[in-house]
Amino acid sequence: MLKNKQIRNIAIVGTGAIGASWAALYLARGFNVTATDPATNAEANLRKFIDAAWKDLTVIGLSPNASREHLQFTTDMKKALADADLVQENGPERQDFKIKLFADMDAATPEDSIIASSSSGLTMSVMQSACRHPERCVIGHPFNPPHVIPLVEIVAGEKTSPRTVEQAISFYASIGKKPIHVRKEVVGHVANRLQAALYREIVYLIEQGVLDVTDADAAVCWGPGLRWGVMGPSLLFHLGGGQGGIQHFMEHLSGPLATWSKDLGKLTEFSPEVKQTIIEGVQNEAGDRSIDELERERDAMLLELLATRSKGEKEAQAAMSRGAKQPVSA
Ligand SMILES: NC(=O)c1ccc[n+]([C@@H]2O[C@H](COP(=O)([O-])OP(=O)(O)OC[C@H]3O[C@@H](n4cnc5c(N)ncnc54)[C@H](O)[C@@H]3O)[C@@H](O)[C@H]2O)c1
């Protein structure tokens, strides 16, 4: 039976794009981190990533005991997992590989520790299938990059205990992440499905010549995207209903919304033509800015947005605890 174990030591299995970002976050939150990855130069690449991410993590705010010195690296996975209170797995996204990796991690990790997977597309029911202690295995799927973007999707497999789900949710929340409980296993979990749903329509509108790529991006980020960073679509529709709120919205605007939904494009695959149109459109939109410059631009704005968002959330909580009828928005 899984106890409510205090988490001090975290093992990172796989230190590619996602594992390195998790490692940086956990160090910034004051944990001891032991990372493992068999690739040549993995340790050097990991340390380089953490050094680069540390500036942003300092802006977000370091926890007491945060230190890059608390990172250890070993290519011996058994050693990395021996004292782990929580394992964050970020290996290659291949089903057979993950089933074997989970069986090996399960054998090497203390029985009362959680093993969380970052997998974007595989289900925990499949990955835990060869484990002796599958009840402590759970999906903890981040949104890239995990050291900046708060969302984590928690999904149980058939054999995951409800206790593990509760513990994973409370652990991620305790370090400032925003965990959501995905209550059923679905392909791609949830956030990627939402992205796919919107992008399907964007591709359709570009294909139909309704929009070019730059205007399609503007339509998202200067309109709904700005609002979605502050409140979710359902709460926003509550405001869309005016003083009548969501009740009025559902009575008067759910009909038009359903009509638009019926007209949405049905994408089954990306045609070579639309792929080329998007590639050229993005090159045009990016202009002279390199990938590194665009990343810096994105991250600088994201950090500002996160700071505003967390200030707004504190104000909303204070307003709610004062018994105000309406929380203050960010
Ligand atoms: N890239 C994304 O945007 C993203 C977002 C969320 C979740 N994910 C998920 O995170 C996981 C990792 O994705 P990534 O993009 O970081 O991939 P990646 O290819 O950048 O990293 C995978 C790492 O695993 C290492 N590895 C291979 N065999 C290993 C082993 N036996 N033990 C330990 N490490 C091993 C590789 O050397 C590599 O460094 C995947 O499951 C993916 O679905 C990716």
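**Charged pairs, aromatic pairs and backbone features**

Asp-51 is partly exposed, with a relative accessible area of 45%. The model in which this residue is described is a predicted one. Asp-51 forms a salt bridge with Arg-68, and the closest N and O atoms of the two are 3.0 Å apart.

In general, side chains of opposite charge can pair when their charged atoms come close. The count of salt bridges in the structure comes to 13. One of these joins the side chains of Lys-100 and Asp-104, with 2.7 Å from N to O. Both residues lie in helix H4 (residues 95-108), where a spacing of four residues corresponds to about one turn of the helix. Lys-100 is exposed, with a relative accessibility of 52%, and Asp-104 is partly exposed, at 31%.

Another salt bridge is formed by Lys-311 and Glu-315, at 3.6 Å from N to O. Lys-311 counts as exposed, since its relative accessibility is 54%, while Glu-315, at 35%, counts as partly exposed. The two residues are four positions apart in helix H14, so about one helical turn separates them.

A patch of negative charge is found on the surface, where Asp-288, Asp-292, Glu-293 and Glu-295 gather. Of these residues, Glu-293 is located in helix H14 (residues 291-321). Glu-293 is partly exposed, and its relative accessible area is 37%.

A pair of aromatic rings is described by the distance of the centres and the angle of the planes. Eight aromatic pairs are present in the structure. In one of them, Tyr-26 and Phe-31 are arranged edge-to-face, with 6.1 Å from centre to centre and 90 degrees between the planes. Tyr-26 and Phe-31 are both buried. A stacked arrangement is found for Phe-237 and Phe-249, with a centre-to-centre distance of 4.2 Å and 15 degrees between the planes. This pair links distant parts of the chain, as Phe-237 is in helix H10 (residues 233-240) and Phe-249, twelve residues apart from it, is in helix H11 (residues 245-252). The relative accessible area of Phe-237 is 25%, so this residue is partly exposed. Phe-249, at 5%, is buried. Ring pairs also link Trp-22, Tyr-26, Phe-31, Phe-171 and Tyr-172 into a cluster.

Several backbone features occur in loops. The peptide bond from Asn-144 to Pro-145 is cis, and its omega is near -5 degrees. Pro-145 is part of the loop between strand S6 (137-142) and strand S7 (151-156). Asn-41 is not a glycine, yet has a positive phi of about 70 degrees. This residue sits in the loop between strand S2 (32-36) and helix H2 (42-60) and is exposed, at 52% relative accessibility. Asn-65 also has a positive phi, near 75 degrees. Asn-65 lies in the loop between H2 and S3, and its relative accessibility of 57% means that the residue counts as exposed.

Thr-75 is placed in the loop between strand S3 (71-74) and helix H3 (77-81). With 59% relative accessibility, Thr-75 is exposed. A distance of 17 Å separates the C-alpha atoms of Thr-75 and Asp-106, which are 31 residues apart along the chain.

Methods:
Residues numbered from 1 in each chain as written. Predicted model: local features only at pLDDT ≥ 70, side-chain atom pairs only at ≥ 80, totals over all residues. Heavy atoms only, no water. Phe/Tyr/Trp six-rings, centres within 6.5 Å; stacked < 30°, edge-to-face > 60°. Buried < 20%, exposed > 50% of the residue type's maximum accessible area, 1.4 Å probe, protein only. Patch = residues over 30% accessible without salt bridge, like charges linked within 9 Å, V, L, I, M, F, W, Y side chains within 5 Å. Areas by Shrake-Rupley, 256 points an atom, 1.4 Å probe, with all protein chains shown as cover. Salt bridge = Lys/Arg side-chain N within 4 Å of Asp/Glu carboxyl O. Lys, Arg positive; Asp, Glu negative; His and termini not counted. Charge placed at Lys NZ, Arg CZ, Asp CG, Glu CD.
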